[in-house]
Amino acid sequence: MGVMAMLLLPLLLLLGISSLLFIYQEVSRLWSKSAVQNKVVVITDAISGLGKECARVFHTGGARLVLCGKNWERLENLYDALISVADPSKQTFTPKLVLLDLSDISCVPDVAKEVLDCYGCVDILINNASMKVKGPAHKISLELDKKIMDANYFGPITLTKALLPNMISRRTGQIVLVNNIQGKFGIPFRTAYAASKHAALGFFDCLRAEVEEYDVVISTVSPTFIRSYHVYPEQGNWEASIWKFFFRKLTYGVHPVEVAEEVMRTVRRKKQEVFMANPIPKAAVYVRTFFPEFFFAVVACGVKEKLNVPEEGQLQQAKWASPWK
């Protein structure tokens, strides 16, 4: 009898833990949905991999979506996909579609008015759009630098400034910036991209304090990189140097579904800052802060090895940062 009890005790304990975990997950899921039920949620670059996943998560949660993107056909495809998987037994709302190219700053104020006309207000703005470029700083034109800054900095803050008065007047709202680890520290051959991410993070960090008295929440979600569904880091002798080991860990990004779910949790819990990364990039942030000379030496080592340095004529063109493209 004693032996049988000893054998059953671990099983009962495991069953109890599993039951509690299941209950927690279900409660958390229902809580997430109730947090956005009937809320007007605006998602920029909704046609990207992350944008689609955010649209799916918030649509399932009963949000009133305003989906923004610069390709009407792809917006319609997303619309059809959301409608086709909607559960008729649960209350969901037909998404609104708005054409928006954040790199064209002149059109943003008019688009903001169109967004507000959809429901008369905005409860949650998810700044997701991003453009990236890779190459040596001296080979990237100033025109391209400006284009990156328009898409990653001036575009999002212009839209934010246009929608913010509505939130302030209603004394409620939340703005989520999906940023990147390069808003924390720079990586060689991504000067324009890192600069734009630093600028965006700085803007929203300042804005957070300014609008707190109006009960408007500013949140930043910074993953390393958002990978595609079936793309994984290449295998090889990456441990040949500290830089290559670090670079491999840094580029092993997170899945779009993971980021979308984290964005939902951020909205639900009104988190101010989230950093999504494995231990190596997280450690790099602290090393950059407390041991800058060591950090610079490691980065410089990577430059000397010319890791992934594009040759003349092979500079990667700027493109929207979408893992589904």
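**Close-up views of a predicted chain**

**View 1. The whole chain, start to finish.** Take the contacts (heavy atoms within 4.5 Å) between residues at least 6 apart in sequence: 77% of them join residues at least 24 apart. This is a predicted model, where local features need pLDDT of at least 70, side-chain atom pairs count only at pLDDT 80 or more, and totals for chains, interfaces and linings use all residues. Residues are numbered from 1 along each chain as its sequence is written, and side-chain values use heavy atoms, with hydrogens and water left out. The chain has 10 helices and nine strands; these are DSSP runs numbered from the N terminus, with helices being H or I of at least four residues and strands E of at least two. Of the 325 residues, 45% are buried (under 20% relative accessible area; exposed is over 50% and partly exposed is in between, with a 1.4 Å probe and protein chains only).

View 2. Helix α4 runs over residues 108–119, and its 12 residues reach 18 Å from first C-alpha to last, close to the expected 16 Å (1.5 Å times one less than the number of residues). Its buried residues are Val108, Val111, Ala112, Val115 and Leu116. They sit on the same side of α4 because they cover an arc of only 140° around the axis, taken from the directions from the helix axis to the C-beta atoms. Covering them are, among others, β1, β2 (64–69), β3 (96–99) and α5 (142–170). Turned away from that buried side are the exposed Asp110, Lys113 and Asp117.

**View 3. Two aspartates with positive phi.** Asp45 isn't a glycine, yet its phi is positive at about 45°. You'll find Asp45 in the loop between β1 (40–43) and α2 (49–60), and it is buried, with a relative accessible area of 9%. Asp215 also has a positive phi, near 60°, and belongs to the loop between α6 (191–211) and β7 (216–223).

View 4. Tyr286, Phe290, Phe291 and Phe294 make a nonpolar surface patch of about 530 Å². Patch residues have over 30% relative accessible area and no salt bridge, and nonpolar side chains (Val, Leu, Ile, Met, Phe, Trp, Tyr) are joined within 5 Å, like charges within 9 Å. A salt bridge is a side-chain nitrogen of Lys or Arg within 4 Å of a carboxyl oxygen of Asp or Glu. Phe291 lies in the loop between α9 (279–290) and α10 (292–304) and is exposed, at 54% relative accessible area. Areas come from the Shrake-Rupley method with a 1.4 Å probe; for residues, only the protein chains shown count as cover.
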